[in-house]
Amino acid sequence: MRKKIISTNQLTSVLTPDILVKFPGTSNLSKLSPADFEMMFGVKYQPELLIEPAARAYISKEAKIYEKLNTNLNLLEKFGKQLDEGYIGPVYLSRTKNMGWGLFASEIINSGELIGEYTGLVREQRKEDNLNRYLLDYHPLDHECLAQKKDCPLNNYSIDAQNVGNYLRFLNHSSKNANAGYFYVSYKEAFHVIFVASRKIRKNEQIFFNYGFMYWASLRSLGIVPVERGVKNKVSRALSSLGFY
C-alpha cells in the first residue's frame, strides 16, 4: 500500500520550471517535461518538499522551536517568495567527465543569490541508507541547539531525493571548487534546505558543494572515496562574509 505524502506548499501555486538539459555532442539546451525527466533519469520531478505524515507533527514542532531561536530569518525574508514559487535559478543538466550528470549555470549566478531548494521526501533514516547517495540531513535543530547550548529534541530524518526530487539532486561534490552552500530555513511549519551561491558562478560553470566528512565516512566501507582529499573548504568563510551566518 502506498503511503500518503503531504506537500509543504498546499496553499500556494508551485511552478515547475523548464527542465533544461545539454545532451552529449550538442551545444544547445533542450527542454524536458516532468514526464521526460522521469523517463530519462528514473526520478519523479518534484518542485516542492514532500513529508511523510508520520514525520509531519514532529517536524512541525521542531520548526517552531527553530523559529524561536531566530535562525536564518534574514534568508526567509529574502527568499520566501521564491520558495513559494518553487524557484530554481538559471541552471541546466549536463554530463561530466567523471561524475555522471552535473548541475551547471546557464547564466551568471552572483554571490549570495538563491540557486534553489533541495526537494525530495522527508522520512526516517534506515539502516540501508549508506547505499543511498541522494540523502541530505534534515536535523538543523541538533546543530543549532548545540551552538546555543540549549536542550532540543533530536531527530533522525533525511530528505531522500533518490526517486523523487528536482535539479539539485544532481549537485556534485568538490571541496576545492565548491561554489555553493546550503542553509536550513523554517517556513510553513517545516524546514527547507536552500542552496546559495558562495561566490560568482560563471556561465556554463559546474555548481559544486562540499558533501562533508560524514557523507564520505559512510561510503568508505564500500570503497567509495572523493576525488579530492585534503583540501580545505572555503565556502563557509565566503558565505559568512556575505552575512549568511
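Let's start with helix H2, residues 53-68. Its buried residues are Ala-55, Arg-56, Ile-59, Ser-60, Glu-62, Ala-63 and Tyr-66. Bear in mind that this is a predicted model. Look at the spacing in that list. An α-helix has 3.6 residues a turn, so residues three or four places apart point the same way. Now the length of H2. It has 16 residues, and at 1.5 Å a residue they should span 22 Å. The end C-alpha atoms of H2 are 24 Å apart, which agrees.

Ser-186 sits in strand S14. Setting aside neighbours within four places in sequence, Ser-186 is in contact with Ala-63, Tyr-66, Glu-67, Leu-76 and Phe-191. Is Ser-186 buried or exposed? Its relative accessibility is 6%, so Ser-186 counts as buried, the cut-off being under 20%.

That brings us to S14 itself, residues 180-186. Of its 7 residues, 6 are buried, so the strand is mostly covered. Its partner is strand S15, residues 191-197. The two run antiparallel, with 7 bridges between them. Ala-180 stands opposite Ala-197 in S15. S14 and S15 make a hairpin, with 4 residues between them. In that turn, Lys-188 has a positive phi of about 55 degrees.

Next, the open sheet. It has 4 strands, in the order S3-S2-S6-S7, and the pairing is mixed. At the edges are S3, residues 30-32, and S7, residues 101-105; each of them pairs on one side only. Neighbouring strands of the sheet are turned by 40 degrees against each other on average, direction ignored. Helix H1, residues 34-41, packs on this sheet. H1 touches S2, S3, S6 and S7, and its direction makes about 95 degrees with that of S3.

Now strand by strand. S2 and S6 run parallel, joined by 2 bridges. Here Val-21 stands opposite Leu-93 in S6. On the other pairing, S6 and S7 run antiparallel, with 5 bridges. Leu-93 has Leu-103 as its bridge partner in S7. For Arg-95, the bridge partner in S7 is Trp-101. S6 and S7 also form a hairpin, with 5 residues between them. Gly-100, in the turn, has a positive phi of about 70 degrees. How enclosed is S6? In S6, 4 of the 5 residues are buried, so the strand is largely enclosed by the rest of the structure.

Ser-106 lies in the loop between S7 and strand S8, residues 114-117. Ser-106 has a relative accessible area of 14%, and so it is buried. Its side chain reaches the backbone nitrogen of Val-91 at 3.5 Å. Beyond residues up to four places away in sequence, Ser-106 touches Leu-29, Pro-90, Val-91, Tyr-92 and Lys-203.

On to the cores. In soluble globular proteins, nonpolar side chains tend to be buried together. Here the largest nonpolar core has 45 residues. Which residues have the most contacts inside it? They are Leu-93, Ile-115, Tyr-138, Tyr-167, Phe-195 and Ile-207.

Leaving out residues up to four places away in sequence, Tyr-167 touches Asp-18, Ile-19, Leu-20, Tyr-45, Ile-88, Val-91, Tyr-92, Leu-93 and Leu-103. Two of those names came up in the sheet: Leu-93 and Leu-103 are bridge partners.

Last, the whole chain. The protein chain has 6 helices and 16 strands. Of its 245 residues, 51% count as buried. And the contacts? Take those between residues at least 6 apart in sequence: 76% of them join residues at least 24 apart.

How values were computed: Residues are numbered from 1 along each chain as its sequence is written. This is a predicted model: local features need pLDDT of at least 70, side-chain atom pairs count only at pLDDT 80 or more; totals for chains, interfaces and linings use all residues. Side-chain values use heavy atoms; hydrogens and water are left out. Two strands pair if DSSP finds at least two bridges between them. Axes are lines fitted to C-alpha atoms, for helices over the stretch in contact, and angles run from 0 to 180 degrees between N-to-C directions. Contact means heavy atoms within 4.5 Å. Buried means under 20% relative accessible area, exposed over 50%, partly exposed in between (1.4 Å probe, protein chains only). The expected span of a helix is 1.5 Å times one less than its number of residues. A nonpolar core is a set of buried Ala, Val, Leu, Ile, Met, Phe, Trp, Tyr and Cys residues joined through side-chain atoms within 4.5 Å. A polar contact is a pair of N or O atoms within 3.5 Å; within protein, one must be able to donate a hydrogen and the other to accept it, and residues adjacent in sequence count only if both atoms are side-chain atoms.
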